[in-house]
Amino acid sequence: MSGVKRKRNVLNVKQKLETHRKLDNGESASTDTEDVLNEGNTISHSAALQSVETLLDYMGQRGFDYGDITAVRKICVDIRQEMNKQQKQRRITDFLKQ
């Protein structure tokens with residue numbers, strides 16, 4: 001992996017102060033901090049779904065076991081359910097903002 005530069009996500013001053021404030025108040029700040037640090041390292045649901053569907057095509061062409069294909073199909077269902085859940089949450093949030 002030499003020659004490959006990885007982008008490092010770091011907290012800015014405001015985010016660090018907010019994390020320290022939460023910790024001082026006995027609150028958990030790990031989720032917020034992890035969200036910031038993982039920003040940019042996430043893959044969209046649609047990209048994940050496309051990758052899994054491509055894998056399904058490959059598995060079908062290569063004659064993989066039915067159980068394995070079924071397990072991968074379950075992943076597609078899970079991704080679609082999560083996409084629908086987030087879309088519904090966005091609609092509710094947008095409706096309440098109006």
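**Exercise 1. Work out how exposed arginine 80 is, and which side chain it pairs with.**

Step 1. Start with the accessibility: arginine 80 comes out at 38% relative accessibility, so it counts as partly exposed. The cut-offs here are under 20% relative accessible area for buried, over 50% for exposed, and partly exposed in between, with a 1.4 Å probe and protein chains only.

Step 2. Keep in mind that this is a predicted model, where local features need pLDDT of at least 70 and side-chain atom pairs count only at pLDDT 80 or more, while totals for chains, interfaces and linings use all residues. Residues are numbered from 1 along each chain as its sequence is written, and side-chain values use heavy atoms, with hydrogens and water left out.

Step 3. Now the partner. The side chain of arginine 80 meets that of glutamate 53 in a salt bridge, at 2.6 Å from N to O. The pair links distant parts of the chain, with arginine 80 in helix α4 and glutamate 53 in helix α3, 27 residues apart. A salt bridge here is a side-chain nitrogen of Lys or Arg within 4 Å of a carboxyl oxygen of Asp or Glu. Helices are DSSP runs of H or I with at least four residues, strands are runs of E with at least two, and both are numbered from the N terminus.

Step 4. Check the other end: glutamate 53 has a relative accessible area of 30%, so that residue is partly exposed too.

**Exercise 2. Describe helix α4 by its span and its buried residues.**

Step 1. α4 has 32 residues and reaches 47 Å from its first C-alpha to its last. That is close to the 46 Å expected at 1.5 Å a residue, where the expected span is 1.5 Å times one less than the number of residues.

Step 2. The buried residues in α4 include Ile69, Val72, Cys76 and Ile79.

Step 3. What covers the buried residues of α4 includes α3.

**Exercise 3. Locate the aromatic pair and say how its rings are arranged.**

Step 1. The structure holds one aromatic pair. Tyrosine 58 and phenylalanine 64 form it, and the pair is tilted, at 6.1 Å centre to centre and 55° between the planes. Rings of Phe, Tyr and Trp (its six-membered ring) pair if their centres lie within 6.5 Å; planes under 30 degrees apart count as stacked, over 60 as edge-to-face and the rest as tilted.

Step 2. Tyrosine 58 is in helix α3, whereas phenylalanine 64 is in the loop between α3 (45–62) and α4 (66–97).

Step 3. Leaving aside neighbours within four places in sequence, phenylalanine 64 is in contact (heavy atoms within 4.5 Å) with Tyr58, Met59 and Ile69.

Step 4. Tyrosine 58 is partly exposed at 40%, and phenylalanine 64 is partly exposed at 38%.

**Exercise 4. Identify the nonpolar surface patch that Phe64 belongs to.**

Step 1. Leu55, Tyr58 and Phe64 form the patch, with about 280 Å² of accessible area together. Areas come from the Shrake-Rupley method with a 1.4 Å probe, and for residues only the protein chains shown count as cover.

Step 2. Patches take residues with over 30% relative accessible area and no salt bridge; like charges are joined within 9 Å, nonpolar side chains (Val, Leu, Ile, Met, Phe, Trp, Tyr) within 5 Å. Leucine 55 has a relative accessible area of 39%.
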